[in-house]
Amino acid sequence: MFQNLKRNAAAAALLILGLLASAPAARAQATSGDGHEWAPLLEQKLDYKDWTFKSLKDGAPVSLRELARGKKLMLVVYFAPWCANWRAEDPVLRRLYDKYRGAGFEVVGVSEYATVEDSRKYFEGQGGAPYPVVVESDTTSAREQTTHYGYRRATGDARRWGSPYNVFLEPAKLKQTGEVLTERAWVVGGELIEKDVERFIRERLGIQEQGTAAPCKDEPPAAPRKP
């Protein structure tokens, strides 16, 4: 009898571990005591579509496919300007963008769930937006109609508002025609973990780690012959 109880307990433990392992990893936001919602960078199945949204700056149409052209790495970050977690991520994103934009890294912010005026005021208070910003939605009532909401649900992000939500795309791998740009993407369903994301950016841009010597491709000089 005790043998059966042990076997049943072991089987139950394995079942629980299996369920935890199969749960979408994007749900693993690490909420700290000070309110941060850091999340891991994960490659996920996601039918990510091309879009054209209006520029926050002047209302002109902005095409993602055109914006990504000629870049090595593209980050689309969905945010609500009133969100504390977005405001915590913004300085991190500015540092990364300033550091790697010249190497082919592009960022576009997609404003959600706030008026255009509120988004403009937010960036004005930060000295302006260093990267392009567009608007998908301008009211909280539009939440479940946004592509942002659909992508979050598709990748297991169960947060109510999901700000920020980061999607990394590699332009060279995007489909040149059709509505769907890619069927897989690198996603951070929460705040960026700066050191991990910077390592990822450097890898995708082909920039070696700091302090790492470049590999030597030349043959060593031949030893001098003895007379």
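This is a predicted model: local features need pLDDT of at least 70, side-chain atom pairs count only at pLDDT 80 or more; totals for chains, interfaces and linings use all residues.

**The sheet and its surroundings**

Tutor: Of the 227 residues, 42% count as buried. The protein has 6 helices and 10 strands. As for contacts between residues at least 6 apart in sequence, 73% join residues at least 24 apart.

Now the sheet itself. It is an open sheet of 8 strands with mixed pairing, in the order S3-S10-S9-S6-S7-S8-S4-S5. S3 and strand S5 (61–63) sit at the edges with a single partner strand each, so one side of each has no neighbour in the sheet. From one strand to the next, the twist averages 40°.

Strand S3 (residues 41–49) pairs with strand S10 (residues 180–188) in the antiparallel sense, over 7 bridges. Hold on to Phe168, as we'll be back for it.

Further along the order come S7 and S8. These two run parallel and are joined by 3 bridges. In that pair, Gly109 has Val133 in S8 as its bridge partner.

What lies on the sheet? Helix H3 packs on it and touches S6, S7 and S9, with a direction that makes about 155° with that of S7. Helix H5 (residues 147–154) packs on the sheet as well, touching S3, strand S4 (52–55), S6 and S9; the direction of H5 makes about 130° with that of S3.

Next, take helix H4 (residues 116–125). Ser119, Tyr122 and Phe123 are buried in this helix. Looking down the axis of H4, you find its buried residues within an arc of 90°, so they line one face of the helix. They pack against strand S6 (73–79), helix H3 (84–100), strand S7 (105–111) and strand S8 (133–135). On the other side of H4, Glu124 and Gly125 are exposed. After the helix comes Gly127, which has a positive phi near 85°.

On to the greasy interior. In soluble globular proteins, nonpolar side chains tend to be buried together. Here the largest nonpolar core has 30 residues, and Trp86, Phe105, Phe168 and Ile201 have the most contacts inside it. S6, H3, S7, H4, S8, S10 and helix H6 (194–205) are the elements that give two or more residues to this core. H3 gives the most, with 6 residues.

Back to Phe168, as promised. Leaving aside neighbours within four places in sequence, Phe168 is in contact with Leu41, Leu73, Met74, Leu75, Phe105, Ala185, Trp186, Val188, Leu192, Val197, Phe200 and Ile201. There is also a second, separate core of 22 residues, which includes Trp51, Met74, Val110 and Ala185.

Glu106 sits in strand S7. With a relative accessible area of 9%, Glu106 is buried, since buried means under 20%. Not counting residues up to four places away in sequence, Glu106 touches Leu67, Lys71, Leu73, Met74, Leu75, Tyr97 and Pro132. The C-alpha atoms of Glu106 and Ala68 are separated by 7.4 Å, although these residues are 38 apart along the chain.

Pro164 lies in the loop between H5 and S9, and a cis peptide bond joins Ser163 to Pro164, with omega about 0°. Tyr113 is in the loop between S7 and H4. Tyr113 is not a glycine, yet its phi is positive, about 60°. At 2% relative accessibility, Tyr113 counts as buried.

Methods: Residues are numbered from 1 along each chain as its sequence is written. Side-chain values use heavy atoms; hydrogens and water are left out. Two strands pair if DSSP finds at least two bridges between them. Helices (H or I, at least four residues) and strands (E, at least two) are DSSP runs, numbered from the N terminus. Buried means under 20% relative accessible area, exposed over 50%, partly exposed in between (1.4 Å probe, protein chains only). The arc is that of the directions from the helix axis to the C-beta atoms. Contact means heavy atoms within 4.5 Å. Axes are lines fitted to C-alpha atoms, for helices over the stretch in contact, and angles run from 0 to 180 degrees between N-to-C directions. A nonpolar core is a set of buried Ala, Val, Leu, Ile, Met, Phe, Trp, Tyr and Cys residues joined through side-chain atoms within 4.5 Å.
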